[in-house]
Amino acid sequence: MMLLMSATNAQTLRDPTLPSQGFLAVKALDDNQALVLNSIVNGQHAYAIINNIILSVGDAVNGSGLRVSKISKDYVTLSDGRKLQLFQSITE
């Protein structure tokens with residue numbers, strides 16, 4: 001009986017190593033929803049990925065009423081003066 005219950009529970013859990021089921025639509029930001037700086041790409045043009053959306057200087061941050069003012073190597077400055085900073089990488 002116990003073996004049967006364990007098998008049933010294992011079938012309902014999703015394997016966390018599987019790829020995601022697809023992208024979710026990004027809803028407008030609430031005042032309580034945080035802005036997350038996912039990544040910065042520096043090259044000929046600088047791009048920031050905020051809340052999984054690729055942005056460059058001057059672009060509006062989806063649903064927040066803010067714009068990207070500056071993209072540096074480690075942080076992004078928004079039009080309200082707020083800075084979104086990347087976490088420092090851990091190296092040996």
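User: Why is Ile 54 called exposed?
Analyst: In this predicted model, Ile 54 has 60% relative accessibility. Exposed means over 50%, so Ile 54 counts as exposed. Ile 54 lies in strand E3.

User: What makes Val 41, Tyr 47 and Ile 54 a nonpolar patch?
Analyst: A patch takes residues with over 30% relative accessible area and no salt bridge, and nonpolar side chains are joined within 5 Å. Ile 54, at 60% relative accessibility, is above that cut-off. Val 41, Tyr 47 and Ile 54 form such a patch on the surface, and together they have about 280 Å² of accessible area.

User: Why is Asn 51 called buried?
Analyst: The relative accessibility of Asn 51 is 16%. Buried means under 20%, so Asn 51 counts as buried. Asn 51 is found in the loop between strand E2 (47-50) and strand E3 (53-55).

User: What is the phi of Asn 51, and what is the phi of Asn 52?
Analyst: Asn 51 has a positive phi of about 50°, and Asn 52 has a positive phi of about 65°. Neither Asn 51 nor Asn 52 is a glycine. Most residues other than glycine have a negative phi.

User: What makes a set of residues a nonpolar core, and which members of the largest one touch the most other members?
Analyst: A nonpolar core consists of buried nonpolar residues joined through side-chain atoms within 4.5 Å. The largest nonpolar core has 13 residues, of which Leu 35, Leu 37, Ile 50, Val 61, Val 68, Val 76 and Leu 78 touch the most other members. Two or more residues each come from strand E1 (37-41), E2, strand E5 (66-71) and strand E6 (75-78). E5 gives the most, with 3 residues. In soluble globular proteins, nonpolar side chains tend to be buried together.

User: How many residues does the protein chain have, and what share of them counts as buried?
Analyst: The protein chain has 92 residues, and 18% of them count as buried. The accessible surface of the chain comes to about 7,800 Å², with 56% of this belonging to carbon and sulfur atoms.

User: Which pattern does the protein chain follow along the sequence?
Analyst: The pattern is α-β-β-β-β-β-β-β, made up of 1 helix and 7 strands. Among contacts with a separation of 6 or more, 31% are between residues 24 or more positions apart.

Key. Residues are numbered from 1 along each chain as its sequence is written. This is a predicted model: local features need pLDDT of at least 70, side-chain atom pairs count only at pLDDT 80 or more; totals for chains, interfaces and linings use all residues. Side-chain values use heavy atoms; hydrogens and water are left out. Helices (H or I, at least four residues) and strands (E, at least two) are DSSP runs, numbered from the N terminus. Buried means under 20% relative accessible area, exposed over 50%, partly exposed in between (1.4 Å probe, protein chains only). Contact means heavy atoms within 4.5 Å. Accessible areas come from the Shrake-Rupley method with a 1.4 Å probe; for residues, only the protein chains shown count as cover. Patches are made of residues with over 30% relative accessible area and no salt bridge: like charges are joined within 9 Å, nonpolar side chains (Val, Leu, Ile, Met, Phe, Trp, Tyr) within 5 Å. A salt bridge is a side-chain nitrogen of Lys or Arg within 4 Å of a carboxyl oxygen of Asp or Glu.
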